[in-house]
Amino acid sequence: MRALLEKEEMQWEKLADSELGGLWCLEGSLETWSWSLNVPVLSSLSESDEMNKVSRLKKKIACTEGSREYRKILDTARFTEEKIKRLKARSNHLINRTEKIEPSGWKEFLQISNVIHETRALDINTHAIFPLGETAVAIRGENDLWLAMVHRNKILLDLKPAQLAAVCASLLSKGIKVRAWKNNYYIYEASFTVLIVISLLDEQRNSFLQLQEKHEVEIPCLDSQFSGMVEAWASGLSWRELTMDCAMDEDDLA
């Protein structure tokens, strides 16, 4: 086709304005006109003649090199598709098997490692421990890193012992439900200073919360509903007075 297109005396025109824009055409010649005379008119053929001619044409096409190459391509495509299916099935089998033999807690360990690394508590590549990590090592709780972040916050430095105890209570209580006893519903409220500190910690918790949710790690606790009772107890209120004034069972209160 390229050789023909390069012949200057042949006036080829591209069918660019039709759906067959990739084709080229040339005005007819005596040679093409003679070929057209050999093309039979469809209405002049009987059904059997048409079937025979179609059959012969199919056989002739099947014997061509292009047809053989086409069949090879189809066979190769089917083989490749079957191979891909077998490899996918084997991959899924190996993944399931790996998950079953994976050490308990390994996934959780990796998730927590990512959080520790992003908060600059520990460099998981060099294993260097930063100040926040050193504080977390010295603390025991359900979320050591969160507790370490709070205890390194300078807003705790000016708190009195009872106020500090109240703030710590907000970090440890995990939403224990108060059960009413008789007509006794009173629960001590935390002081204004404690509530302000907890509010500031809540802002810090929100940013930390987004990081932990990204890595599917346990959400840090912050619940002030029992801070007032802890502050009252740490301020000198007797155990009897405390149990009489709240609606909790003694074991829950303890």
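The following exercises, with worked solutions, concern a predicted model of a protein chain.

**Exercise 1. Overall architecture**

Determine how many helices and strands the protein chain has, and in which order the elements run.

Solution. The protein chain holds 12 helices and two strands. Read from the N terminus, the order is α-β-β-α-α-α-α-α-α-α-α-α-α-α. Of the 254 residues, 24% count as buried. The accessible surface comes to about 19300 Å², and carbon and sulfur atoms contribute 57% of that area. Among contacts with a separation of 6 or more, 58% involve residues 24 or more positions apart.

**Exercise 2. Helix α9**

Compare the span of helix α9 with the expected value, and identify its buried residues.

Solution. Helix α9 covers residues 192-214, a total of 23 residues. From first to last C-alpha the helix reaches 34 Å, close to the expected 33 Å. The buried residues of α9 include Val-194, Val-197, Ile-198, Leu-201 and Arg-205. Just after α9, Glu-216 takes a positive phi of about 60°.

**Exercise 3. Salt bridges**

Solution. Begin with helix α4 (residues 65-101), in which Glu-69 and Lys-72 lie three residues apart, about one helical turn.

Finally, in helix α9, Arg-205 and Asp-202 are separated by about one helical turn, and their side chains form a salt bridge at 3.9 Å, N to O.

**Exercise 4. Two contrasting residues**

Decide whether Ser-227 is buried or exposed, and do likewise for Trp-33.

Solution. Ser-227 belongs to helix α10 (residues 227-234). Its relative accessibility is 0%, so Ser-227 counts as buried. Beyond its neighbours within four places in sequence, Ser-227 is in contact with Ala-166, Ala-169, Ser-170, Ala-190, Val-194 and Ile-198.

Trp-33 belongs to helix α2 (residues 30-37). Its relative accessible area is 53%, and Trp-33 is therefore exposed. Together with Leu-30 and Leu-37, Trp-33 makes a nonpolar surface patch of about 400 Å².

Terms used:
Residues are numbered from 1 along each chain as its sequence is written. This is a predicted model: local features need pLDDT of at least 70, side-chain atom pairs count only at pLDDT 80 or more; totals for chains, interfaces and linings use all residues. Side-chain values use heavy atoms; hydrogens and water are left out. Patches are made of residues with over 30% relative accessible area and no salt bridge: like charges are joined within 9 Å, nonpolar side chains (Val, Leu, Ile, Met, Phe, Trp, Tyr) within 5 Å. Accessible areas come from the Shrake-Rupley method with a 1.4 Å probe; for residues, only the protein chains shown count as cover. A salt bridge is a side-chain nitrogen of Lys or Arg within 4 Å of a carboxyl oxygen of Asp or Glu. Helices (H or I, at least four residues) and strands (E, at least two) are DSSP runs, numbered from the N terminus. Buried means under 20% relative accessible area, exposed over 50%, partly exposed in between (1.4 Å probe, protein chains only). Contact means heavy atoms within 4.5 Å. The expected span of a helix is 1.5 Å times one less than its number of residues.
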